[in-house]
Amino acid sequence: MNRDFTVKKYSELLDAFKEVDYSFQTFRDFLKQPLERVVILRHDVDKVPLNSLNFAKLEKDKGINASYFFRSVPYSYKPSVIKSIEKMGHEIGYHYEVMNQANGDVYKALEMFNQNLVKFRNVAKIETICMHGSPMSKYDNKELWNKFNYHNYGIIGEPYFDIDYNKVLYLTDTGRSWSNEETNIRDKVESPFFYEIKNTDQLIELILKKELPNQIMLNTHPQRWNDDFLRWGKELVWQNMKNQIKRFVSRRFRR
Ligand SMILES: [Zn+2]
């Protein structure tokens, strides 16, 4: 059986990019010196940080550097894992959700942001941040920056603000599919690109046929990618359930 969302499948995906001469950059390096034909690998470590450690090792073996965004919550923030991943040459970023944590109070949210930044900077070099979607929350974490400016905190970029999606194709595994408009409530960007990609094999096919643009940001959640059959099945059932709920919420948002 050819299962999708396994570490093996992720490895095949990376090989496909290599096959047609894409380079890889961390988000930080891309901001400083973008390459012409490049994939920015962004990983949102929502939970199960050990899966991210596996991803990090796999990429290191292939000579690839990626960006890992960790949350401040105990089931994501694991200093030993963060340090190991950084040591392999990957970038560590802060996956913030303070608007949600502060119940929409921007001043409290900024204070929490600062405290968490200090906590993260005790373990790793942090130059970039990325919002956590908090799909079930009524607060959009990005809204913190309507009032404040992250550049004042030694942060050089946030993927939702500092990437030109007219040029860079954004692909995400949110909702366990690569093009699931309806289940992406917040994890979406304004862009002229549209590809109907149902699974990773289809994505690999498009890559090998050289049908994708030169610059791509690929966002994955490593907790969704499991070789182990039990964990893989658990994630599949959970994701289907979440998609149902999100479809419902997203329809309500549109009204
Ligand atoms: Zn997230």
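These questions and answers walk through a predicted model, from its zinc site to its helices and a few single residues. Local features need pLDDT of at least 70 and side-chain atom pairs count only at pLDDT 80 or more, while totals for chains, interfaces and linings use all residues. Residues are numbered from 1 along each chain as its sequence is written, and side-chain values use heavy atoms, with hydrogens and water left out.

Q: Which residues coordinate the zinc ion, and through which atoms?
A: Donors here are N, O and S atoms within 2.8 Å of the metal (3.2 Å for Na, K and Ca), and water is not among the atoms, so sites may look incomplete. In sequence the donor residues follow the spacing D-x48-H-x36-H. At 2.1 to 2.2 Å, the zinc ion is coordinated by D46 (OD), H95 (NE2) and H132 (ND1).

Q: How many residues apart are D46 and H95, and where does each lie?
A: Helices (H or I, at least four residues) and strands (E, at least two) are DSSP runs, numbered from the N terminus. D46 lies in the loop between strand 2 (38-45) and helix 3, and H95 in strand 4. The pair thus links distant parts of the chain, 49 residues apart.

Q: Are D46 and H95 buried or exposed?
A: Buried means under 20% relative accessible area, exposed over 50%, and partly exposed in between (1.4 Å probe, protein chains only). D46 has 11% relative accessibility, and H95 has 1%. Because of these values, D46 counts as buried and H95 counts as buried.

Q: What does V45 contact beyond its neighbours within four places in sequence?
A: V45 is in strand 2 and is buried, with a relative accessible area of 0%. Its C-alpha atom is 7.8 Å from that of H95, 50 residues apart along the chain. With contact meaning heavy atoms within 4.5 Å, the partners of V45 are S52, Y68, F69, F70, R71 and S76.

Q: Why do the buried residues of helix 4 lie on the same side?
A: In helix 4 (residues 79-87), the buried residues are V81, I82 and I85. They share a side of helix 4 because they cover an arc of only 100 degrees around the axis; the arc is that of the directions from the helix axis to the C-beta atoms. On the other side of helix 4, S80 and K87 are exposed. The value that explains the shared side is the arc of 100 degrees.

Q: What covers the buried residues of helix 4?
A: The cover includes both helices and strands. Among them are helix 3 (49-61), strand 3 (67-70), strand 4 (91-96) and helix 6 (106-121).

Q: At what angle do helix 1 and helix 3 pack, and how far apart are their axes?
A: Two packed helices are described by the angle between their axes and the distance between the axes. Axes are lines fitted to C-alpha atoms, for helices over the stretch in contact, and angles run from 0 to 180 degrees between N-to-C directions. Helix 1 (residues 7-19) and helix 3 pack at about 35 degrees, with their axes 11 Å apart.

Q: Which residues make the contact of helix 1 with helix 3?
A: From helix 1 come V7, Y10, S11 and L14. The partners in helix 3 are F55, L58 and E59.

Q: Which elements do the buried residues of helix 8 pack against?
A: In helix 8 (residues 200-208), T200, L203, I204, L206 and I207 are buried. Seen down the axis of helix 8, they fall within an arc of 160 degrees, so they line one face of the helix. These residues pack against helix 1, strand 6 (168-172) and strand 7 (215-220).

Q: Which residues does D4 touch, not counting residues up to four places away in sequence?
A: D4 is in the segment before helix 1 and is buried, with a relative accessible area of 15%. D4 and W232 are 228 residues apart in sequence and 9.3 Å apart in space, C-alpha to C-alpha. D4 touches K9, R176, N199, T200 and W232.

Q: What is the phi of K210?
A: K210 is in the loop between helix 8 and strand 7. At 58% relative accessibility, K210 counts as exposed. Its phi is positive, in a residue other than glycine, and is near 60 degrees.
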